[in-house]
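Here's a quick tour of a protein model, written for someone who likes the cut-offs spelled out. Have the structure open while you read.

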Amino acid sequence: MAWDIADKVILITGGTTGIGRATVVALAARGAHVVFTARDATAGQAVIDEVAATTRKPSIEQRHLDLDDLAAVRGFASDFIANHPALHVLINNAAVMLRERRSTVDGHELTFGVNHLGHFQLVRSLLPLIQASAPARILNVASDAHKWVRGMDFADLSATSGRYGASRGRRAYAASKLANMLFTRELAKRLDPAAVTANSLHPGAVRTRLGRDTEATRIGEIFWTVFGMFFTTPQKGAQTTLWAATNPELDMVSGQYFAKSKIAVPNKNACDDNAAARLWEISESLTA
C-alpha cells in the first residue's frame with residue numbers, strides 16, 4: 001500500500017507557533033487532513049486562516065488540548081476517536097521549557113508532565129485507533145538537548161530537589177526530551193512495524209517561542225539575543241518532521257532517531273533499553 005500523505009489523517013500537538021505551525025501549514029498544503037491542538041482558539045483560528053489563504057480546499061481543524069491535565073488528555077482522545085474514522089500520523093510536537101518550577105493538574109513537574117507524561121497518555125489512549133488505521137506513524141519531536149543530561153534522574157523526576165531556576169529549567173527540558181526518546185524506543189519494541197512505526201526526531205536549533213519563559217531572565221535574554229541569530233527558521237526546522245511523516249521509504253523503519261532528514265545516532269543514554277523499560281513502567285503508574 002503506497003504511502004500518500006494526501007490520504008492521511010494527521011494529528012499534531014502544539015500547532016499554533018514555531019515548528020508546529022510550520023508543520024501544520026505544510027501538511028495541509030500537501031492535501032492531508034490536519035487536526036492540530038491549540039490552547040488558544042484565537043491563535044488556532046489564525047493558523048486556519050493562514051492555511052486557507054495559501055492552500056486550495058484545505059482540510060484542517062483545531063482542537064483544544066491541555067497536556068498538563070491527564071483527565072483532559074483522556075477526554076480529548078475519546079472525543080477524537082468518536083469523531084475521526086482514522087489516525088494515520090500522530091506528531092507529538094508540543095513542549096515547554098521553564099525558568100521556575102510549576103506543577104500540572106496532577107501534581108507533576110510541568111516540563112516532565114507536558115513534554116512526556118501528557119504525550120505518553122495521549123499515545124496510549126489513541127493507540128487503538130492508530131493501529132486500526134495501519135499503516136500508521138507516531139513521531140515524537142525530541143531534541144539533541146537530550147545530551148545535556150547524563151540520564152534520567154529516576155529518584156527525582158518531578159525536579160523537587162534544589163533550586164529551580166533557568167539553568168535547572170533547561171536541564172528539566174533536556175531530561176524530558178531524553179524521556180521522549182526512551183519512550184519512543186520502548187514503544188517501538190511493543191509495536192509491529194508493519195502496522196505502526198514509532199520514531200523520534202531532532203528539528204535542529206530553531207528560533208521559536210519555546211524559550212519565551214527563560215527569555216524573561218537576564219541570562220536568558222542574552223542567550224537568545226546572541227545565539228538566536230544562528231538558529232534556523234521554523235519552516236526549515238519543520239523539514240525533518242515533514243520528511244518523517246511523508247517519506248514512503250520510511251515504511252517499517254521504527255525505533256530510530258532522525259536529524260537533518262536522515263537517521264542519526266543519539267547519545268548512549270537514549271539507547272538504554274533498561275532505562276526505557278523502567279520509564280515506561282513509571283509512566284504507567286503516574287498516568288493510572
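## Salt bridges and packing

Lys 189 is exposed, at a relative accessible area of 54%, where exposed means over 50%, buried under 20% and partly exposed in between (1.4 Å probe, protein chains only). A word on the ground rules: this is a predicted model, in which local features need pLDDT of at least 70 and side-chain atom pairs count only at pLDDT 80 or more, while totals for chains, interfaces and linings use all residues. Residues are numbered from 1 along each chain as its sequence is written, and side-chain values use heavy atoms, with hydrogens and water left out.

Back to Lys 189: its side chain meets that of Glu 186 in a salt bridge (3.9 Å, N to O). The term stands for a side-chain nitrogen of Lys or Arg within 4 Å of a carboxyl oxygen of Asp or Glu. Glu 186 is buried, with 7% relative accessible area. Helices (H or I, at least four residues) and strands (E, at least two) are DSSP runs, numbered from the N terminus.

By this rule, the count comes to 12 salt bridges.

| Pair | Closest N and O atoms | Relative accessible area |
|---|---|---|
| Arg 102 and Glu 100 | 3.5 Å | Arg 102 33%, Glu 100 39% |
| Arg 124 and Glu 284 | 3.4 Å | Arg 124 36%, Glu 284 30% |

Arg 124 sits in helix H4 (residues 110-132) and Glu 284 in helix H9 (residues 273-287), so this pair ties together parts 160 residues apart in sequence. Elsewhere, salt bridges with shared partners join Arg 39, Asp 66 and Asp 68 into one network.

Now for helix packing. H1 (residues 18-29) and H2 (residues 41-54) pack at an angle of about 35°, with axes 10 Å apart; axes are lines fitted to C-alpha atoms, for helices over the stretch in contact, and angles run from 0 to 180 degrees between N-to-C directions. On the H1 side, Arg 21, Val 24, Val 25 and Ala 28 meet Ala 46, Val 47, Glu 50 and Val 51 of H2, contact meaning heavy atoms within 4.5 Å.

What about the interior? In helix H8 (residues 239-246), 7 of the 8 residues are buried, so the rest of the structure largely encloses it. Ser 200, in strand S6 (residues 196-202), is buried too, at 2% relative accessible area. Leaving aside neighbours within four places in sequence, Ser 200 has contacts including Asn 140, Met 181 and Tyr 257.
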